[in-house]
Structure formats: C-alpha cells, structure tokens
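Here is a short report on one protein chain. Look over the sequence and the model before reading on.

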Amino acid sequence: MSLVNDPIYIEESQKLNNTAKLVKESKEFLEDSIKKLGAGNLETLRGLRADTETGQNFMLEMQKLHEKNASFNLPDKYKQLEELEFLAKEPYFARLDLHEDNETDSYYIGKFGLSVDNKPLITDWRAKVASIFYRYRYPQKSVKYSTPNGEVVTDLILKRTFEISEGELVKYYNNDIQLDENEIIVDKIQTRTGGVLEDIVETIQESQLDIIEADPRKLCIVQGCVGSGKSTVAIHKLSHIFFNFPNITAGRSILIAKNQILVSYLSTLFPKLGIFDISYKTISDLIVNILFKESLSIKVNSRDTTDLDAITLDTIVHLNEEISGLEELVSQKIDEVFDTDEFASFSGFIYSKENAMLENVEDAVGEMKEELELQKEYLKETDSPSRKELHKRNIAILNRIVGRLNTVGKTVNEKIFKDLLRICKINPTKELTYTQALVYIYLYDRCIGLKKFEKYQYCVVDEGQDFSILEYLVLGRLVLHGRFCILGDLNQSYQAEGLTKWEQIEQVIPAAKTAETFELDTNYRSTKPIIDLANKILNPYTQKYLPKSINRKGEEPKIIKTASEQEMLTTFKELITQDINSLDKSIGVITFSEQMFNEAAKIIKETKINDEYFIKLDSKSKIVYLPKAVYLTSFEECKGLEFSKVYGLGLDLDTVNNFMQAKKAFVVVTRAMNEVTLIA
C-alpha cells in the first residue's frame, strides 16, 4: 500500500502537523514573552533615569526589577527556545500506547518534552515512562517502569518508531516481533558522516540505558568495547541526571577527558541535548583552576608528565599512611587542648577525616568562638554578681583555648604541610612538573583544605583507562561523595601510567568498592569488515572485551604496501586528492611521527582544500569540529574520535609483534566508521 493511501500514515501525518503547529505557537509565545520583558526593563530603566528622586526609592525599584528578571529565569527561557527550535523540525521519534485500568494513553517520545495547557504533548525521552520504549522490543502485557512512587505495571499495546525530516513524516515502523531493530540502528548510522558526536536518543539500547539510568549517587564503572557508544552514553547519562535529579546541576558537574582535543570533541554533543553550562576540562585545566581560585602562587609545567607513572599504588598507600598518622597527631593535639579540668567543660569536638587537618582546627576554633559570643551575651544580660564572674571566667578560658587551637593550626600550616612537601621532594618555589602539581594539590587539600574551589556534584571520566592512579586519587578529592561515571576500554590502554584493571580505582576512591559495574560489548560505529580486522589484530594477545559487530555491511579495509616512504606519500596523495574533490564525509589521517604529520599536511594543502575543511588536531588550539572535513592527527591524539574514513600512514600490521603494538593498531583501525586504508 502506498503511504499516500495508508490510513495510519495519514493519521500520524495529521498528528505531526497538529503537534508542529502547537510547537510553533509555544515558540512564538516564548519569543514574545522575552521581547516584552526586554521592552519592560528598558521602559522601567528610562523612567528611573528621568525621575529626579534618588536614594531609597530608586534602590527599591531596582531591587523589584532584579527580582522580576530573576523570577522570569532568562537563561532557562533561552534553553527552552533552543529545545523548541529542535522540536519544530523533529517533535518526536516514537509512540507508545499503554493500556491500564480500561484506558489507553498515547505517549509521543521526543528529545525534549513539551506540555500545552498543562497537558503533555511530547514526552521527554528522559521521563520514567519513556524507558518502556528502550526496554521492550515489541508490544506485550505487564511491562514495567519505575517512578518516584514505585513500580508501575501496564500493557504495551503499540510501539511505533517514526522517521521525520524537517517536520515531515517520511515513514513509520510498527515495532513488532518481526521487526529487526538493528536495521533501524544501521539506517541511522549510515546517515552519519562522523567528525562530530551525534545524539542517540532514538537508538539507545537496553544495556546503554542501564548505565544512563543507574543511580548517580553511586560510582559507576563502564568497560565498553570500542565503538560501543561510551562517550555518547556518558553525555546522555548527564542529561538524564539533570532531568531526574534536580539537586545535581549542570553548573556543578564536570566531564574530564585526557586531552583538549577530546574535550572539544565531546563538547559538541552537549548543546544537542540541551546542556549549556557544564564544565568540560582536562586535569591540567583543573590544576590551573585550583591554583587560581586558592591564590596559590605555584608555577607548573603541565606538559612535563615524564614522572607520572613513577607514582605507583604502593607510593600512594605509603603516602596515605603518613598522612593518616599526621591526622591522628592533629586530632590528639586538639584533644590535648581540652585535657585539663579547667578546659574540659568546653570539650566535645569530634575530628572528621572527611575534612582537612586545618579545617578541623578551624571548626574547633569556630565552635569556641560561638561559645565565646554566647558567654558575652550572657554577661550583658545577667545582673547577678556571681553569674557575671562565672561568665567572665568562661570568656577568659575560651580565649585561651582559641589561642592554643590557633597554635595547632600554625603547626599544620607551617610544619606538617611543609614536611610532607619535603618528603615528596616538592619545592613550591620552583616550577613543578604535572605529577608534582597533582601531589601538591592532594597534600594541600588533605592538610589545608580547598576553601574557594567548589567541589563538583558529579563527574564523568571518558577514556578512563588512560588516567593514572594518581590522577584518580586527586579527582576523588574534587568530587563530592564519590559520584563518578568512569568509562573506558582496557583494550585501548597502552600508556605507561594507565590502568591495567578497573579494580585499581577502588584503592584510591573508596566509593569504588561498591561501584555498579557494566560492560558494553557491541560495536555500533564500524562496519563488520572493519571490526573483523580489528579483532584479528588483537586475537593473538587477548580474547577479552573484543567488540561484537552488528553485521553492518561495508567495504573491505585496504592494506597497501609500498617500497619506500616516498612511494607511500605518493600513493596517499593520489587517494586523498580523490576524496577531497568530492568531500562528503569526515576523513581522519593518522600519522605515527612528526615528520609524517608534516609531510601529510603538505600533501593535503597541495590539493587546494578550503582551509575551513582542513583541521589539524592540536591540543594547544581550540578545535571546531565539522561533519565533512579532513582531520590530520598524530596517533597519540586520535583516541576517542571517529571518522567516516581513516588513513593510517606508516601502520604496517606485519610488524605488530606484541600486545602494546596491537592495541595501538587496534585504536587506529577502529576510528573508522565505514572505510579504512592503511599505507605502509
């Protein structure tokens, strides 16, 4: 039956048109509200300027204006405008019909939710009920979803998926037992060009949803094979958290990646999911931020990471034992202050190992100063001579206690902290290496405490296998309550300081001992021939965490052997020139030496490619990612990225003879979605 004569298609097209009309009206209403607010503000300010009266009335009117603008919440309104802009093109991607208590309700699932006249028009994919779309493949009875009030059981009568382009219904699928949903995933992937991260709200798999919906108050570790969507799942998890856990905000959350190239790449997805104010940084960025906020005049060479792998787990265990002993000493010194009959009545302070040593001293001083103020108030209020004498004596005692506690604080500041720096061979008057800076910040936080740097409510770590045990130790101090989602692939861990197993994290972040752990074992990025080659590379060395293919068809990888470096470059020039003449995708050119990088750059420039579409990946520069461009990168900086086509220059698979080399070749090959050409 032609779609034109299909009654379901006609009905759904009409529904889409009606929804688009309401989205447009909502957008116009919001735009009008913003314009009216601006005009109203301008009119009020002009009136105040024209009014000759000043002083209290002026300040009162300004306060009213401020409160009015704050209640309107302009940033939130602009975020809603962005969402409505998207919904105008694709209001929703699925429909669920749920039957309960003799009633059937239809839910249209979209990237963002929208209610009109207090009635839900589009259901946000992050809403609890929307999980049915991802967890149940076809209509069936007694499906379940969780709500804050408990589990709901209902019957799934209809599950329908739509393909909508620029507000027009292209086609629909009734997701029944005959439909292979992998076909929908393949269709979606085939339209991508790579180069930028795309959202996956329409194709989230149940294993991915388990991670997205996992309780953010518990640490989460994800071992995900290459191409399993780890990065996109991580960012979708953040979007889900901000929607369902209002106490965890984007402004107090952070995404950590190993280098600035990957940070910039991952950040391309945040706006697509309505996240505009999250932090995304490298740990080097965090070091600079902490030193600035805490006014610490320390010079750091963040590029000097030569000694990072020297800090082993044994080193950290020994350091923590030293710090624990000093914490006991400070706790004893605080107790000793009150260890006289005269001072004992004011004792009762409890030392907290959650806080820094100096913070504990300052808390004890704070308690004594509060009591001091109370005693002063009592002295003013009483007329009894004997009571006056008592309060005067208490005031004198409290002043002496404060003085002794301040001496303990001085010991922490001037002796304990400095002694620890000397033990760790750190001279704060000289330029520190990246490793020394991390140790300095860790010691500072344990001894003095970070007072101006606001710790994060939630943290996602991408490519988590590449971070050292020391970096995790420091991150554990910068994120509240161990709220992490750490994602990575041990088959891509080849840096000396990286992890060899995920259990290492629990040695430095205590919350990891009770972490929820997940494994993603299916590659959705690459074609089957690419995955077959990648697994062939790793097979001699491991059978663990090898990616499973969804059997997406594609070209066989091209492996070209040349007689000389010059012949290799000539071959590359011929092939890349053809690609650039009809540039309709992202192309990654991956090199293994600085000389090869420079030679490849020269060749690409000679094709007279538009500068805008030739992007050299450089961790020193801000990167603007495009879906159709040529990206030139060194091998060290390609991890985490994906391209439609990949050239590996200088990668000879016949010379791979150990696990570390195999991992490197594996990474290069699996950057490709559709085509791989290795020239050696």
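## The chain as a whole

Accessible areas come from the Shrake-Rupley method with a 1.4 Å probe. By that method, the accessible surface of this chain comes to about 33100 Å². Carbon and sulfur atoms account for 48% of that surface. Keep in mind that this is a predicted model.

The chain has 680 residues, and 51% of them count as buried. Its secondary structure comes to 18 helices and 23 strands. The C-alpha trace spans about 100 × 65 × 60 Å along its principal axes. Take the contacts between residues at least 6 apart in sequence: 75% of them join residues at least 24 apart.

## Charges

How many positive and negative side chains does the chain have? There are 86 positive and 105 negative ones. The centres of the two sets lie 3 Å apart. The structure also holds 41 salt bridges.

Some charges gather at the surface. E100, D101, E103 and D105 form a negative surface patch. Of these, E103 lies in strand 2, which covers residues 103-110. E103 has a relative accessible area of 52%. Exposed means over 50%, so E103 counts as exposed.

## Salt bridges

K528 forms a salt bridge with D532, and their closest N and O atoms are 2.9 Å apart. Both residues lie in helix 15 (residues 528-538). They are four residues apart, about one turn of the helix. K528 is partly exposed, at 32% relative accessible area. D532 is partly exposed too, at 37%.

Next comes E555 with K558. The closest N and O atoms of this salt bridge are 3.0 Å apart. E555 is partly exposed at 43% relative accessibility, and K558 is partly exposed at 39%.

A further bridge joins the side chains of K561 and D654, at 2.6 Å from N to O. K561 lies in the loop between strand 18 (558-560) and helix 16, while D654 lies in the loop between strand 22 (643-649) and helix 18 (659-669), so the pair ties together parts that are 93 residues apart in sequence. K561 is partly exposed at 47%, whereas D654 is exposed at 63%. Elsewhere, D579, D584, K585, K645 and E675 are linked in a network of salt bridges.

Is E327 buried or exposed? Its relative accessibility is 2%, and buried means under 20%, so E327 counts as buried. E327 lies in helix 10 (residues 313-337). Leaving out residues up to four places away in sequence, E327 touches Y351, K353, M357 and R446.

D124 counts as buried as well, at 5% relative accessibility. Its place is in strand 4 (residues 119-124). Beyond neighbours within four places in sequence, D124 is in contact with G110, K111, F112, G113, A130 and F243. The C-alpha atoms of D124 and F635 are separated by 39 Å. Along the chain, those two residues are 511 residues apart.

## A leucine in a loop

Where does L583 sit? It is in the loop between helix 16 (565-581) and strand 19 (587-591). L583 is partly exposed, with a relative accessible area of 23%.

Leaving aside neighbours within four places in sequence, L583 is in contact with I609, Y613, K628, A629 and V630. Take A629 from that list. It is 46 residues from L583 along the chain, and their C-alpha atoms are separated by 7.1 Å.

Notes: Residues are numbered from 1 along each chain as its sequence is written. This is a predicted model: local features need pLDDT of at least 70, side-chain atom pairs count only at pLDDT 80 or more; totals for chains, interfaces and linings use all residues. Side-chain values use heavy atoms; hydrogens and water are left out. Helices (H or I, at least four residues) and strands (E, at least two) are DSSP runs, numbered from the N terminus. Buried means under 20% relative accessible area, exposed over 50%, partly exposed in between (1.4 Å probe, protein chains only). Contact means heavy atoms within 4.5 Å. Patches are made of residues with over 30% relative accessible area and no salt bridge: like charges are joined within 9 Å, nonpolar side chains (Val, Leu, Ile, Met, Phe, Trp, Tyr) within 5 Å. A salt bridge is a side-chain nitrogen of Lys or Arg within 4 Å of a carboxyl oxygen of Asp or Glu. Lys and Arg count as positive and Asp and Glu as negative; His and the chain ends are not counted. The place of a charge is taken as NZ of Lys, CZ of Arg, CG of Asp or CD of Glu.
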